Amino acid sequence: MNDNISEFISEKNIVLNLRALNQSDAIQKLAVILKENGYVDDAVAFQRDVLEREKASTTGIGNELAIPHGKSAHVIQTTMMFARNEEGIEWNSLDGSKVKNIFLMAVSPEDKGNEHLRMLATLSGELMDDDFVEAIKKADSKKNILKILQKRGNER
């Protein structure tokens, strides 16, 4: 089983200049992109599901990172997005840091087995690695971000 994050993400799901004003705005903008890319059928409903999940516990894991995720009936195909916001966004992060790098997971209820849990576990593992986090923060193009995600998966 290849736990490669790049399996779950494509170049069109990477946004390097999100320009979101706050957490809700960020998730809304990303939900719209997921709809345009054919991964969700209703951006507003998906955003609501993600924000609902966010109320249970914050996905701001510290170090300017957040990993929001929503299991939603409006997700057509399970996928992941990466977005960078130049300005830090308040996200109730565990360490109080503002969020600039967002990995959003959109999970279909049809998702058989533990696909999304694998995705989350793999990502969480990577995000504990300082080198990986630094590389992601410095990456200046969608191609470079994809390369970092692919390289990491291939090293396992």
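Which residue in strand 5 does Ile-14 stand opposite? I looked it up: Ile-14 faces Phe-82.

**Ground rules.** I am working with a predicted model, where local features need pLDDT of at least 70, side-chain atom pairs count only at pLDDT 80 or more, and totals for chains, interfaces and linings use all residues. Residues are numbered from 1 along each chain as its sequence is written, and side-chain values use heavy atoms, with hydrogens and water left out.

**Strand 5.** I took helices (H or I, at least four residues) and strands (E, at least two) as DSSP runs, numbered from the N terminus. Two strands pair if DSSP finds at least two bridges between them. Strand 1 (residues 14-15) runs parallel to strand 5, with two bridges. Strand 6 (residues 99-107) runs antiparallel to strand 5, with seven bridges. There I found Ala-83 partnered with Ile-102. Next I checked burial (buried is under 20% relative accessible area, exposed over 50%, partly exposed in between; 1.4 Å probe, protein chains only). Eight of the eleven residues of strand 5 (residues 79-89) are buried, so the rest of the structure largely encloses this strand.

**Positive phi.** Most residues other than glycine have a negative phi. I noted two with positive values. Arg-19 has phi near 55°. Arg-19 sits in the loop between strand 1 and helix 1 (23-36), and is exposed at 62%. Asn-63 has phi of about 55°. Asn-63 lies between strand 2 (60-62) and strand 3 (65-66), and is partly exposed at 34%.

**Helix 4.** Which residues of helix 4 (residues 130-138) are buried? I found Phe-132, Val-133 and Ile-136. They cover an arc of only 95° around the axis, so they share one side of helix 4; the arc is that of the directions from the helix axis to the C-beta atoms. The face turned away carries exposed Asp-130, Asp-131 and Lys-138. At the start of helix 4, a side-chain oxygen of Asp-129 comes within 2.8 Å of the backbone nitrogen of Asp-131.

**Salt bridges.** My cut-off was a side-chain nitrogen of Lys or Arg within 4 Å of a carboxyl oxygen of Asp or Glu. The whole structure has six. One of them joins Glu-64 and Lys-137 at 3.7 Å, N to O. This pair links distant parts of the chain, 73 residues apart. Lys-98 bridges to Glu-90, with the closest N and O atoms 3.3 Å apart. Lys-138 meets Glu-134 at 3.8 Å. Why are Lys-138 and Glu-134 about one helical turn apart? Because they are four residues apart in helix 4.

Key:
A polar contact is a pair of N or O atoms within 3.5 Å; within protein, one must be able to donate a hydrogen and the other to accept it, and residues adjacent in sequence count only if both atoms are side-chain atoms.
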